[in-house]
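Visitor: I am new to reading protein models. Could you walk me through a few features, one at a time?

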Amino acid sequence: MAVATISRRNLLFGRNASEAERICPPGVTLENLAVCTGCGRCVDACPTNIISLAAERPSLDFSVGECTFCGDCRRACPEPVFQPADVKRFAHAAAIADHCLAKNNVACQSCRDSCPEEAIRFQPRTGGPFLPVVNEDACSGCGACVGICPVGAVQVAARTGEGAHA
């Protein structure tokens, strides 16, 4: 029998493991997914091919591309899953883990170079390569920096500061 792992945070908030890993398309919340029929029209409509169905519900995979906020998925959906207005920002932002090359004395700035919002900057430090810093207020959460990272150190995470309420 397989046992699902769940973080303490998700246990505290009453989320199961699959909900914690799901990244919804822009303008979709986990609550809105209850009316999703799993037709897959959003999958077919996505020009960057980042939408797939997981447990018959749409989920984004930024390792294969980025969200351009084109709205094609929203327009293709026959159900009231998406918010009516165009959404140009996710509830999450980029987060850079400790196994980032720059944090381990290897010069790399690929995440900065791929960021369309210029939300990732590199600050100088003595004795090593510049260190990445994410400006959550500027980050749209599009995921352009996720798949480009050669060591998978860039992920998306819930916003921590004022940007969480924007």
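Guide: Let's begin with aromatic pairs: rings of Phe, Tyr and Trp (its six-membered ring) pair if their centres lie within 6.5 Å, and planes under 30 degrees apart count as stacked, over 60 as edge-to-face and the rest as tilted. A word on the source: this is a predicted model, where local features need pLDDT of at least 70, side-chain atom pairs count only at pLDDT 80 or more, and totals for chains, interfaces and linings use all residues. Residues are numbered from 1 along each chain as its sequence is written, and side-chain values use heavy atoms, leaving out hydrogens and water.

Visitor: How many aromatic pairs does a search of the whole structure find?

Guide: The search finds 2 aromatic pairs. Phenylalanine 62 and phenylalanine 90 make an edge-to-face pair, with 5.8 Å centre to centre and 85° between the planes. This pair links distant parts of the chain, 28 residues apart: phenylalanine 62 lies in the loop between β2 and α4 (72-76), and phenylalanine 90 in the loop between α4 and β3 (92-96). Such labels come from DSSP runs, numbered from the N terminus: helices are H or I with at least four residues, strands E with at least two.

Visitor: And how are the rings of phenylalanine 69 and phenylalanine 90 arranged?

Guide: They form a tilted pair, 5.3 Å centre to centre with 50° between the planes.

Visitor: Where is serine 59 placed, and what does it touch?

Guide: Contact means heavy atoms within 4.5 Å. Serine 59 sits in strand β2 (residues 57-60). Not counting residues up to four places away in sequence, serine 59 touches Arg22, Ile23, Ile50, Ile51, Ser52 and Ala54. Serine 59 is buried, because its relative accessible area is 10%.

Visitor: Which strand pairs with β3, and in which sense?

Guide: Two strands pair if DSSP finds at least two bridges between them. Here β3 pairs with strand β6 (residues 154-158) in the antiparallel sense, over 5 bridges. Alanine 94, for example, has valine 156 in β6 as its bridge partner. β3 is also mostly covered, with 4 of its 5 residues buried.

Note on methods
Buried means under 20% relative accessible area, exposed over 50%, partly exposed in between (1.4 Å probe, protein chains only).
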